[in-house]
Amino acid sequence: TPLRAALILLLLGCCLSCSGGAEARPPAALPGFPAGAAGVGDRLFPDAGNGGYDVTHYGLDLSYDPGTGRLTGTAEITATATADLGRFDLDLSGLHVGRVTVDGRPAAEGRSGTELVVRPARSLRRGDRFETTVDYAGVPKPLTDPDGSHEGWLSTGDGALALGEPLGSMTWFPGNDHPSDKAAYDITVSVPDGLTAVSNGELASRAGSRGRTSFHWRTTEPMASYLATVAIGHYTVTRSRTPGAVPLYVAVDPRSDDRQTAAAMRRIPEILAWESGLFGAFPFQSSGAIVAHLPGGEGGYALETQNRPVFPGDSGPPAVAVGTLVHELSHQWFGDWTTPSSWQDIWLNEGFATYTEWLWTEHEGGASLARSAAAAFADPGNWTFAPAAPTASRLFAPPVYERGALVLYQLHRALGDKAFAALLRDWPAAHPHGNASTAEFAAFCGRLTGKDLSPLFSTWLYGGAKPARL
Ligand code: ARG
Ligand code: ZN
């Protein structure tokens with residue numbers, strides 16, 4: 001009958017559009033219990049993260065097949081309810097969801113945009129610790145950010161590279177994808193023999209069976225989801241230590257292994273020692289770097305993934321410039337150890353990292369700090385908005401970086417050498433493994449000096465207009 005034919009067509013269309021089967025509609029909350037919010041209330045990214053719980057640990061068990069691009073995973077998410085919950089969301093973009101359980105009981109599940117909605121068999125009470133498991137699979141699709149960059153699970157030809165700032169992590173695992181919810185991670189990745197899987201934290205074990213190798217990476221120090229990474233491919237691995245005995249794990253894709261990049265990698269111990277001198281002891285158990293290779297068109301960017309930053313190595317030699325390495329490593333203190341409370345606070349990351357680049361250039365005998373500041377001041381591209389007021393599409397635009405660094409330049413002037421040196425050490429240490437906002441930064445600076453810094457902040461941090469002089 002025509003009705004039946006229409007129905008079949010409808011079903012077929014739905015299956016095709018979801019490429020991996022139709023996804024269920026979101027279930028209603030358990031009667032009498034509220035649904036957790038679909039976002040944490042981030043002004044720039046309203047759907048990022050979720051309300052009603054706080055994740056303490058992610059156990060991700062992943063298997064990747066570079067030939068087909070298929071990722072199969074089980075996520076075990078341990079969380080504490082921060083409200084009574086008859087339903088809650090996880091962030092997940094694409095992929096097909098199979099079985100979902102909460103505390104071992106099958107849970108109802110459905111999808112709406114990038115929300116995976118879960119209704120547990122039993123309601124959760126505020127304060128309850130609960131464990132959610134999600135089986136999922138599919139070919140992850142990269143996201144296009146509001147600024148046009150590509151991120152998420154990107155193909156490197158022989159493997160993949162996961163980039164997540166701000167939202168790419170939801171393309172490869174379900175979670176609470178917002179910087180305010182930091183958690184520990186165990187990421188296990190099974191890949192065909194001959195390939196290496198690198199991630200955050202420390203390599204806890206490596207085991208092979210039936211033509212595949214499993215790499216278990218453990219991150220015990222709290223990490224924001226945007227800082228999680230996995231790099232799969234043919235990597236040359238070098239292990240060493242910094243002068244302060246921090247173990248280093250450096251993985252370089254041979255396609256990106258040019259002479260300047262190799263020379264830059266050898267400077268990691270020196271750079272970390274120099275940064276530790278300015279910012280205090282390296283804040284994590286291990287460090288290093290991942291130099292990947294993204295074929296042209298895949299997009300990507302360097303990112304301060306926790307412990308070891310990643311570099312896409314896509315635009316010819318050098319795959320990694322020393323200045324970029326200095327920048328990403330400084331983020332281990334500014335961004336990774338102390339993480340912005342919301343995306344609007346992103347200048348706290350990029351301003352400090354840019355300022356560190358200026359300091360490094362001076363340290364290396366290049367342009368003085370004053371010269372770098374003058375160049376940033378003169379550049380009209382830096383005066384389009386205030387560093388504390390980015391939009392989603394201008395989250396990583398020049399004013400966030402360069403004007404952010406100019407805020408610190410002005411603070412140095414106002415505070416003097418001694419208090420400013422204390423600021424560089426004491427600010428990241430004030431929220432160790434935690435989060436901080438712009439307002440908290442301003443209050444911290446005020447306490448440090450006892451001076452009224454509000455004119456400085458209203459001109460340089462919150463003000464849109466270019467001041468008359470530097
Ligand atoms: N945080 C990175 C850096 O070190 C930049 C991330 C850019 N992300 C993006 N979606 N454009 O500068
Ligand atoms: Zn940066």
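# Burial, pairing and packing in a predicted model

User: Which residues of helix α4 (residues 322-330) are buried?

Analyst: In this predicted model, the buried residues of helix α4 are L325, V326, H327, E328, L329 and S330. Calling them buried means that each has 20 or more other C-beta atoms within 10 Å of its own.

User: What do the buried residues of α4 pack against?

Analyst: Their packing partners are three helices, namely α2 (259-266), α3 (268-279) and α5 (347-363).

User: Why is I77 counted as buried?

Analyst: The threshold for burial is 20 or more other C-beta atoms within 10 Å, and I77 has 24 C-beta neighbours inside 10 Å, so the residue counts as buried. I77 belongs to strand β2, and, leaving aside residues up to four places away in sequence, it touches V55, Y58, E131, T132 and G175. Its C-alpha atom is separated by 26 Å from that of S437, which lies 360 residues apart from I77 along the chain.

User: Is G127 buried or exposed, and what makes it so?

Analyst: A residue is exposed if 12 or fewer other C-beta atoms lie within 10 Å of its own; G127 has 10, and it is therefore exposed. G127 is found in the loop that runs between β7 (115-119) and β8 (129-138).

User: Which residues does G127 touch, not counting residues up to four places away in sequence?

Analyst: G127 touches T80 and A81 on that basis, where a contact requires C-beta atoms, placed from the backbone, to lie within 7 Å. The C-alpha atoms of G127 and T80 are separated by 5.9 Å, although these residues are 47 residues apart along the chain.

User: How do you know that strand β1 (residues 53-65) and strand β2 (residues 70-81) are joined?

Analyst: Two strands pair if at least two bridges are found between them, and 12 bridges join β1 to β2, with the strands running antiparallel. As one example, D54 stands opposite T80 in β2. The hairpin of β1 and β2 has 4 residues between the strands, and G69 takes a positive phi near 80 degrees there. Strand β2 also pairs with β8 in the antiparallel sense, over 10 bridges, and the bridge partner of G73 in β8 is Y136.

User: Which strand does β19 pair with over 5 bridges?

Analyst: That partner is strand β18 (residues 247-252), and the pairing is parallel; within it, V250 stands opposite A289. Strand β20 (residues 310-311) is joined to β19 by 2 bridges, again in parallel, and with at least two bridges required, this joining also qualifies as a pair. I290 has V310 as its bridge partner in β20.

User: Why are β9 (143-144) and β13 (196-199) said to stand at the edges?

Analyst: Five strands form an open sheet in the order β9-β10-β11-β16-β13, with antiparallel pairing. β9 and β13 each have a single partner strand, so one side of each is left without a neighbour in the sheet. Elsewhere in the order, strand β10 (residues 150-155) and strand β11 (residues 160-163) pair over 4 bridges in the antiparallel sense, L154 having L161 as its bridge partner in β11.

User: How do the residues of the shell around ligand 1 divide?

Analyst: They divide into 4 nonpolar, 3 polar and 7 charged. The shell holds 14 residues, of which the closest are D145, S149, E165, Y301 and F396.

User: Why is the protein chain called as compact as a globular protein of its length?

Analyst: The chain has 9 helices and 22 strands. Its radius of gyration is 23 Å, close to the 23 Å that the globule rule gives for 470 residues, and therefore it is described as being as compact as a globular protein of that length. Along the principal axes, its C-alpha atoms fill a box of roughly 80 × 50 × 45 Å, and 47% of the 470 residues are buried.

User: What does the UniProt annotation "domain: Peptidase M1 membrane alanine aminopeptidase" cover?

Analyst: According to that unreviewed entry, the annotation covers residues 324-460. Over those residues the chain is 62% helix and 4% strand, and the end C-alpha atoms are 25 Å apart.

Methods: Residues are numbered from 1 along each chain as its sequence is written. Chains are lettered from A and ligands numbered from 1 in the order in which they are written. This is a predicted model: local features need pLDDT of at least 70, side-chain atom pairs count only at pLDDT 80 or more; totals for chains, interfaces and linings use all residues. Two residues are in contact if their C-beta atoms, placed from the backbone, lie within 7 Å. UniProt positions are given in the numbering used here, feature names are shortened, and annotations may be inferred rather than shown by experiment. A residue is near a molecule or strand if its C-beta atom, placed from the backbone, lies within 6 Å of it. Ala, Val, Leu, Ile, Met, Phe, Trp, Tyr, Cys and Pro count as nonpolar, Asp, Glu, Lys and Arg as charged, and the others, Gly among them, as polar. The radius of gyration is taken over C-alpha atoms; the globule rule is 2.2 Å times the number of residues to the power 0.38.
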